[in-house]
Amino acid sequence: MRQLYPCLLALGGALLATPAFAQSEAGVSGVVRNDAGQPIPGATVFLKGTLIGTGTNHMGQFSLPADFSRGPVTISISFVGYESRELELSKPTPDVVVTLNEAVTLNEVVVAASRVEESLQQAPVTIEKVGAQQIMRVPPPDVLASLNNYKGIDVNSSSMVMSSLSTRGFNSPKSERVIQLVDYFDTQSPSLNVNSGNLTGIPELDIASIEVIHGPASALYGANAFNGVVLLNSKDPFVTEGLSARVRGGERSYIDGQLRYAKKIGNKLAFKLVGSYLTAQDWQASNFDPTNKRLVPTNNDANSPLGYDAVNRYGDVSNTFRAGQPFPTGVSPELVGKTVFMPGFTEQTLIGNDDKAQSFKVVPTMSYLLTDKLKATVSASFARGTASYQSASRYRLRDFGTNQYRGELKGDRWFLRGSSTQDFGNNSYDLGFLGAFLQTSPNAEGSSTSYAQQYFGTYNFAYKQARAAGLTPEQALLAAQREANKQQLDPNSERFSQLRSKIISDPTPGVGARLKPSSLLNEGNAQYDFRFGQHTNLIVGASYRKFRLGSNGQFFSDDNQRIQNHELGGYTQLAHQMLDDRLKLALAVRVDDFKNFDPAVSPRASVVYSAGANKQHSFRASYGKAFRSPTQLDQYVRLDVGQVLLLGNVGNGFQGYALNAQGVGGEVNLAPLKLERLSTYEGGYRGVFANKLSVDVNYFRSSYNDFIGGRRFIGNTNGTRPTPQELQAAAPQFQNKALPTRVLQVWTNADQEVRTQGAAVGLSYNVAKPLSLTANYSLNVLDRSNIADPEFQTYFNTPKHKYNVGANGTTGQFSYSLNYRWAQGHLYETPFAIGELSDYSALDAYVGYALPKLASTLQVGASNILDSNNVQIYGGPQIGRLAYVGLLVDIK
């Protein structure tokens, strides 16, 4: 926060020192109606060429200050689903009547695609825009999870309020290839580098729109805008005044309350205060299939009398019997070489009463108009949440929080932005650690024998007894398992409860499961838009970000002080329109420098041509390069999860031996990490037919080089190759923390090209005002034809085929939306679990009934109404049905 104080002080000084912009007492006021003569609440009205704007109230009325001393002024009026209008006025006018015609139009304004305002029709890349009305009709508790309903966008939910987004493949629970922004401020957790859906975003009541760029955007956004950008635009307190409140309640003890209050004080100052609170019984994972042998090479099959490591069981500790192990009666020769697993504990058992998903957010904002073309804004965001998260393990993020402080100076052609973000682990814990440390705890207070030692000793002794009694080896294994299972810690016992509380609250590495990261991300951005006549513009921008990572040695290698890492970048884009503005050419390029990697250059060239009498048919093509810097965890992680030690890879690289079912394989040589790179060709078409049917089609082909993925092998923790003596001492499990030789997992670049291609089509047909039909289809294909190693993991994690069909509309006081989504099953790979997802689908619905005299709307909705299979992450939970009723009050 200290880094932002100079920015806040500068803004505060500007507020006090800068005189008000000149304007006459009289202005412009009036009403906005539709073609049926009905008022349009929530339409935006701006003085063109300024930052002065407002919104219409529930009667469609508006009022704007305007200065006519320099001649006529132009007002710009817009509302989603209607044709925008501009109206020139030569004098103060108190009774303007503006009529907007309803239409299927692609002339909505977007900003994310080119970092300047442009019509959706002329955007050079594939982009989706979701308006405030659509957002308010979303059934899921996480608004970003509803983006699954749009073409080309995949959502992976690991909890009730924890979702990640991706476009064009390579999905993951932490969405490391897509950046997520609120008003252009990065909302990622500095420690985890995770974009957690809307957990750290802004409440739905304050979202004006969401824009999603498909595919590479590094040319304008820098590192990690690799497969897309998600931009949440908040409502301007100058434009959207009033009080809004919403409450919902439903299944799974679901309660969701939100409040927004915005007010202008005079013509220069405006503020808003937004808050939300959500709680519900969380979804929990329950996949008990055997963990893939790529992750646990010694694993057994399901229902084996030797036990097995299950995906969503934690603490299924293993022991490979070998001669000479210190059991009282010696190891049975028939067990030597066999690996036995303890039963472990389910997610439901370990979480216990901590099964509530929670989200709490408070976002205060203050804006000041220094002149009619210069606005200063300061804001803060305080977010706390409880959810489950999946990466190298399953984590319970309990009261996990972020504080972000933001400052912005914005002119009509430029901006300066600064932010500081800090995250807090608070009471978060690792389920894998919790399960394992329960098993390795003393079996009684003061005892020197752990539950694990007791289990494996009992297994060995019972097996020998059964064989002595004449049982077959198979019968003896079953008998041994039954006896050993009696020795595992009873989840219903008082000791289990005591040990669980102790381990969860202990952050000591190797002893406790508590996660207490507290890292910071400080960031600054600037941009200027040069205009050369009416048809050419050049934007120039720069950004700087600095990470200060802290985990007290828990999962970063930060034993003595915070790890500091930085990135610096600059970009420019030249755009030119010709042929009566039908042809738009643009060229962008960005250069970024890093502490740990060589500089990167990412260009993008695009062309858009608009045909038709009203330019209603647009054809676009683009070529872009993008890059992804390894996450902070990829660079600096040091996390011992028992069977494997995760290490960062920005030093001198690693040497070791391959890991296979027999143990040690051939030599492994891993160079230090470098940037992952992407090249993409894209073509597309947007068009409107008969003012009824809108079509958006795109095709892309991408090539990934220096692909970043995880590699497991046997090596020394200092990066050197183990000697034969070290291998022998560490075998057979390589889990002895006192020895340098371990099973390691580090992130490395693949020495081959990974290719993908795909297409998407979206259709919307406006049958009549009460009925609009929508449909979309997405195709994503991973090309493995040039991948020589069949075991190579791409982490593509994307359905090949996916579609949505839906309907929505408004009739009288009723509004509704309905959507059915289906995705084809596919391979899903993470460091935690690998397996095949089955086909998954969901039917969502919403109905609203307006009560105009009460400025209220009654709401009923449900996500996944049919409670069909909806597991989006292998090892993650079933995202089942959630039905609710609610009330929205909106006083303009």
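Colleague: How many helices and strands are in the protein chain?
Modeller: Keep in mind that this is a predicted model. The protein chain has 10 helices and 52 strands.
Colleague: What about the radius of gyration of the protein chain?
Modeller: A compact globule of 892 residues would have one near 29 Å, and the protein chain has 29 Å, so the two agree.
Colleague: And what does the C-alpha trace span along its principal axes?
Modeller: About 105 × 55 × 55 Å.
Colleague: OK, what share of the residues is buried?
Modeller: Buried residues make up 58% of the 892. As for the surface, the protein chain exposes about 34,500 Å², with 55% of that supplied by carbon and sulfur atoms.
Colleague: Switching to charges: how many positive and negative side chains are there?
Modeller: There are 82 positive and 74 negative ones, and the centres of the two sets lie 2 Å apart.
Colleague: Which contacts join residues at least 24 apart?
Modeller: If you take contacts between residues at least 6 apart in sequence, 65% of them do.
Colleague: Let's zoom in on helix α7. What should its residues span?
Modeller: Helix α7 covers residues 473-485, so at 1.5 Å a residue its 13 residues should span 18 Å. The end C-alpha atoms of α7 are 18 Å apart, which agrees.
Colleague: Which residues of α7 are buried?
Modeller: Ala476, Leu477, Ala479, Ala480, Gln481 and Ala484.
Colleague: And what do the buried residues of α7 pack against?
Modeller: They pack against α6, which is residues 451-468.

How values were computed. Residues are numbered from 1 along each chain as its sequence is written. This is a predicted model: local features need pLDDT of at least 70, side-chain atom pairs count only at pLDDT 80 or more; totals for chains, interfaces and linings use all residues. Side-chain values use heavy atoms; hydrogens and water are left out. Helices (H or I, at least four residues) and strands (E, at least two) are DSSP runs, numbered from the N terminus. The radius of gyration is taken over C-alpha atoms; the globule rule is 2.2 Å times the number of residues to the power 0.38. Buried means under 20% relative accessible area, exposed over 50%, partly exposed in between (1.4 Å probe, protein chains only). Contact means heavy atoms within 4.5 Å. Accessible areas come from the Shrake-Rupley method with a 1.4 Å probe; for residues, only the protein chains shown count as cover. Lys and Arg count as positive and Asp and Glu as negative; His and the chain ends are not counted. The place of a charge is taken as NZ of Lys, CZ of Arg, CG of Asp or CD of Glu. The expected span of a helix is 1.5 Å times one less than its number of residues.
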